[in-house]
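Please read this briefing alongside the sequence and the structure.

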Amino acid sequence: MCGIVGIAAKSPVNQELYDALTMLQHRGQDAAGMVTVQDGRLFLRKDNGMVRDVFHTRHMLRLVGNFGIGHVRYPTAGSSSSAEAQPFYVNSPYGVTLAHNGNLTNAHEIAQDLFRSDLRHINTDSDSEVLLNVFAHELQELGKLQPSEDDVFKAVTAVHKRCKGAYAVLAMITGYGLLGFRDPHGIRPILYGERETPEGKEYILASESVAITSLGYKVVRDLAPGEAIFINTEGQLFSRQCAENPQFSPCIFEYVYFARPDSRMDNISVYKSRLRMGEKLAAKIKREWGEDHGIDVVIPIPDTSRTAALELANNLNVKYREGFMKNRYIGRTFIMPGQSQRKKSVRQKLSPVELEFKGKNVLLVDDSIVRGTTCKEIIQMARDVGARKVYFASAAPPVRYPNVYGIDMPAKTELIAHGHTVNEVCDLIGADGLIYQDLEDLIAAAREGNPQITQFDCSVFNGEYVTGDIDDAYLDRLAKSRNDGAKRKLENVTIDLSNVQG
């Protein structure tokens, strides 16, 4: 998962891009990048690390210009070098920079076509660089010395025809303007906003509404699936549907886990959707465990489960307590590269408040269960400080299938729910009881905010991939690159190379 932001303003945008990226930091802590343009020259800074670590005063002073795009990236199965930090750049045609959230499911095939037919070189393993070269090639094929907005939209239309998968994209065409577009299924989010200034109207596009409103812009709307928006250097905005048959299927895991609760995406409040998840999970507990469930206290596993856990406790009429204090300087555990590192980080990340556990029957609530490593450690921590019984609730259904649309979940064999029943998972994590959200209830919790959405991408739960191009061979290739063994091998190679060089 990544975060993207682009601004077309009447004054320098470097500070606002920085501020927006900090608002999107939860979407990626691995790398950050920013590119601005002034007088036909591009100014780029990107590197591994958090936003605050990548950009210093000396970098910000060089990032001049009134147009720019930014990106934050989370760890992936590919290279961890700064070469894969975004935005990416190609000099032909015009000079194009691009930042991307999502994943192309046919990136390997396209990369071969780019080399054999389009005579373009791909320098990294990133599908974002592939997407950039596809767009650049299609724009160049039009052969215009000065491209119009119609030319830009024609290039996006060609991208939709060649690229499969999930992509929310921001691109700058040097000297011509800022472009944003979304894949025909609208799997990954992107919105735009505007504000009036004495110098004229300014625009912003971003992954989440909080990055827009926090800068004083007003959210206008989400981009529709397949839609593109182009803002030229004169500040004129143009929009067009560029896909032949868009089918709206946003990723439901955004509402479960990734998005900030104070965001709105696709006209759905993330906060209210999580409240409804807690309400529906409480109803299931009453159905399956009875009114006399024996739960003394509900404790969330911070941070994303808090909203659902609070509403669950209210509906069960039991106490809600903050039982774990969080060290905010430890990264997200399920996307860490090795099982031992994840296990170690859990106890560094969370510290239990003993008096909230001792002698009580505790219901721990998390947003989801992926590998099971985290919740197993947390359950043991609760027992270590005196909990009588430890029950576990997941605000999401069992995660049984890998994600192919931009979330770096592990191989399916490393998903604890894959091939296991709920009772078996309960035993594996060491809980006294385990309950998952029903998929129908999860969909209803999100859809209530926008009934016009008739379908979500729920592939991690049901194995149904909305783009229709995923088969067992693809998933097998994905597993080979994503399993812990492959990641450890990549880490060792990186270490060996650094030793040779140094």
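Buried is used here for under 20% relative accessible area and exposed for over 50%, with partly exposed in between, as computed with a 1.4 Å probe on protein chains only. The model is a predicted one, in which local features need pLDDT of at least 70 and side-chain atom pairs count only at pLDDT 80 or more, while totals for chains, interfaces and linings use all residues. Residues are numbered from 1 along each chain as its sequence is written, and side-chain values use heavy atoms, with hydrogens and water left out. Helices (H or I, at least four residues) and strands (E, at least two) are DSSP runs numbered from the N terminus.

**Backbone geometry**

- Tyrosine 94, which is not a glycine, has a positive phi of about 70 degrees; this residue sits in the loop between β5 and β6 and counts as partly exposed because its relative accessibility is 24%.
- That loop, between β5 (88-90) and β6 (96-104), also holds proline 93, which is joined to serine 92 by a cis peptide bond with omega of about 0 degrees.
- Leucine 119 likewise is not a glycine and has a positive phi, of about 60 degrees; its place is the loop between α4 (107-116) and α5 (127-141), and at 71% relative accessibility it counts as exposed.
- A cis peptide bond also runs from proline 302 to aspartate 303, with omega near 5 degrees, and aspartate 303 is found in the loop between β16 (297-300) and α10 (306-316).
- For context, most residues other than glycine have a negative phi, and most peptide bonds are trans.

**The antiparallel sheet**

- Seven strands form an open sheet with antiparallel pairing, in the order β3-β2-β4-β1-β10-β9-β11, where two strands pair if DSSP finds at least two bridges between them.
- The edge strands, each pairing on one side only, are β3 (41-48) and β11 (218-222).
- Neighbouring strands of this sheet are turned by 15 degrees against each other on average, direction ignored; the axes are lines fitted to C-alpha atoms, for helices over the stretch in contact, and angles run from 0 to 180 degrees between N-to-C directions.
- Strand β9 (residues 191-197) is joined to β11 by four bridges, and the two run antiparallel; tyrosine 192 has arginine 221 in β11 as its bridge partner.
- Helix α1 (residues 14-23) packs on the sheet, where it touches β1 (2-8), β2 (31-38), β4 (67-73) and β9, and its direction makes about 155 degrees with that of β2; contact means heavy atoms within 4.5 Å.

**The parallel sheet**

- Five strands form an open sheet with parallel pairing, in the order β17-β16-β20-β21-β22, and its edge strands, β17 (319-320) and β22, each pair on one side only.
- Strand β21 (residues 389-394) is mostly covered, with five of its six residues buried.
- Six bridges join strand β20 (residues 361-366) to β21 in a parallel arrangement, and four bridges join β21 to strand β22 (residues 433-436), also in the parallel sense.
- Phenylalanine 392 is the bridge partner of leucine 364 in β21, and has leucine 434 as its own bridge partner in β22.

**Helix α4**

- The buried residues of α4 are Ala107, Ile110 and Leu114, and they fall within an arc of 60 degrees seen down the helix axis, so they line one face of α4; the arc is that of the directions from the helix axis to the C-beta atoms.
- These buried residues pack against β6, α5 and α6 (149-162), whereas His108, Phe115 and Arg116 are exposed on the other side of α4.

**Nonpolar cores**

- A nonpolar core is a set of buried Ala, Val, Leu, Ile, Met, Phe, Trp, Tyr and Cys residues joined through side-chain atoms within 4.5 Å.
- The largest nonpolar core has 41 residues, of which Phe253, Val404, Tyr405, Ile407, Phe456 and Phe461 touch the most other members.
- Two or more residues of this core come from each of α8 (253-258), α9 (270-289), α14 (439-447), α15 (459-462) and α16 (472-482), and α8 gives the most, with five residues.
- A second, separate core of 31 residues includes Phe88, Ile122, Val130 and Leu179.
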